[in-house]
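Work through the exercises below with the model open. Try each task before reading its solution.

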Amino acid sequence: MYTLNMYYSSKEEFKEFVYENELSLKENILIQIFSCILQEDKLNTIRKIILELLPNAVIIGSTTDGEILNDRVTTDKTVISCSVFE
């Protein structure tokens, strides 16, 4: 298993992240969404984008008061963590 993380900012950037890391070729992916967003419609949009690009992914999510990427804590961002199981 290995995990890749990114700040989500747009569909285009997520699509590039998927392409660069060849995630569409992987069969077993767990996506974790950590976000300050509380609006269900916005979170559903992100979920739909993920499933459009990675239809076999399992997605879980959590709202946060601070998002952690690598060793940096931020606020008002969305982190997507992709764990690939081989």
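Helices (H or I, at least four residues) and strands (E, at least two) are DSSP runs, numbered from the N terminus. The model is predicted: local features need pLDDT of at least 70, side-chain atom pairs count only at pLDDT 80 or more, and totals for chains, interfaces and linings use all residues. Residues are numbered from 1 along each chain as its sequence is written, and side-chain values use heavy atoms, with hydrogens and water left out.

**Exercise 1. The fold**

Task: State how many helices and strands the protein chain has, and give the order of its elements.

Solution. Start with the count: 2 helices and 6 strands. Now read from the N terminus: β-α-β-α-β-β-β-β. Then turn to contacts (heavy atoms within 4.5 Å). Take those between residues at least 6 apart in sequence; 75% of them join residues at least 24 apart.

**Exercise 2. Size and surface**

Task: Compare the radius of gyration of the protein chain with that of a compact globule.

Solution. The radius is taken over C-alpha atoms, and the globule rule is 2.2 Å times the number of residues to the power 0.38. For 86 residues a compact globule would have a value near 12 Å; the protein chain has 12 Å, so the two agree. Next, the extents: the C-alpha trace spans about 30 × 30 × 20 Å along its principal axes.

Now the surface, by the Shrake-Rupley method with a 1.4 Å probe; for residues, only the protein chains shown count as cover. The accessible surface comes to about 5700 Å², and 48% of that belongs to carbon and sulfur atoms. Residues are classed by relative accessible area: buried is under 20%, exposed over 50%, partly exposed in between (1.4 Å probe, protein chains only). Of the 86 residues, 34% count as buried.

**Exercise 3. Thr 3 and Ser 81**

Task: Find the side-chain partners of Thr 3 and Ser 81.

Solution. Place the residues. Thr 3 lies in strand E1; Ser 81 is in strand E6 (residues 78-85). Thr 3 is partly exposed, because its relative accessibility is 36%. Ser 81 has 6%, so Ser 81 is buried.

List the contacts, skipping neighbours within four places in sequence. Thr 3 is in contact with Ser 81, Cys 82 and Ser 83. Ser 81 touches several residues, including Thr 3, Asn 5, Leu 30 and Phe 34.

Now look for polar contacts. These are pairs of N or O atoms within 3.5 Å; within protein, one must be able to donate a hydrogen and the other to accept it, and residues adjacent in sequence count only if both atoms are side-chain atoms. The side chain of Thr 3 pairs with that of Ser 83 at 3.0 Å. The side chain of Ser 81 pairs with that of Asn 5 at 2.8 Å.

**Exercise 4. A loop serine**

Task: Is Ser 10 buried or exposed, and which backbone atom does its side chain reach?

Solution. Ser 10 sits in the loop between strand E1 (2-7) and helix H1 (11-20). Its relative accessibility is 19%, so Ser 10 counts as buried. Its side chain reaches the backbone nitrogen of Glu 13 at 3.1 Å.

**Exercise 5. Positive phi**

Task: Characterise the backbone and exposure of Glu 22 and Asp 76.

Solution. Glu 22 is in the loop between H1 and strand E2 (28-35). Its phi is near 50°, positive in a residue other than glycine. Glu 22 is partly exposed, at 47% relative accessible area.

Asp 76 is in the loop between strand E5 (72-74) and E6. Its phi is positive, about 60°, although Asp 76 is not a glycine. Asp 76 is exposed, at 66%.
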